[in-house]
Amino acid sequence: MECKTVFIFDYDGTILDSRGPLEKILKTLAKKFNVSLPNDAELKKLWGTGGYNLIKYCFPDYHYKTMYKQWKKLEHETKMELIAGTEDT
């Protein structure tokens, strides 16, 4: 049996420049559902904890699956660029 080496990357914010586009999605959802987002310092703390925690924290009065579905819809419609130099890597 042949062994192969596989590399799995954390692409979000490492290979894919997603921060700006995902913040835009978050603000779009907040506006749509009339929700006030936490201040920038709080969002910065939450950002690396995963989408689940971000959605639960920012939209505590809404069912998670409902918000996640809205998030994914917008995410599929949003263009995200590779971080410079990752294509060469």
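So, what covers the buried residues of helix α3? The cover includes α1, residues 19–32, α2, residues 40–47, and α4, residues 64–76. Keep in mind that we are looking at a predicted model.

Which residues of α3 are the buried ones? The helix runs over residues 51–58, and Leu54, Ile55 and Cys58 are buried in it. If you look down the axis of α3, these buried residues fall within an arc of 95°, so they line one face of the helix.

From α2, the contact is made by Glu42, Leu43, Leu46 and Trp47, while α3 brings Asn53, Leu54, Tyr57 and Cys58. By type, the contact residues split into six nonpolar, one polar and one charged.

Next, a stop in the loop between α1 and α2, where you'll find asparagine 34. Its phi is positive, about 55°, although asparagine 34 is not a glycine. Is this residue buried or exposed? Asparagine 34 is exposed, with a relative accessible area of 72%.

Finally, a word on confidence. The protein chain has a mean pLDDT of 86, with 92% of its residues at 70 or more. Confidence is highest in α4, at 93, and lowest in strand β1, residues 16–17, at a mean of 78.

How values were computed: Residues are numbered from 1 along each chain as its sequence is written. This is a predicted model: local features need pLDDT of at least 70, side-chain atom pairs count only at pLDDT 80 or more; totals for chains, interfaces and linings use all residues. Side-chain values use heavy atoms; hydrogens and water are left out. Buried means under 20% relative accessible area, exposed over 50%, partly exposed in between (1.4 Å probe, protein chains only). Helices (H or I, at least four residues) and strands (E, at least two) are DSSP runs, numbered from the N terminus. The arc is that of the directions from the helix axis to the C-beta atoms. Contact means heavy atoms within 4.5 Å. pLDDT is the predictor's confidence in each residue, from 0 to 100. Ala, Val, Leu, Ile, Met, Phe, Trp, Tyr, Cys and Pro count as nonpolar, Asp, Glu, Lys and Arg as charged, and the others, Gly among them, as polar.
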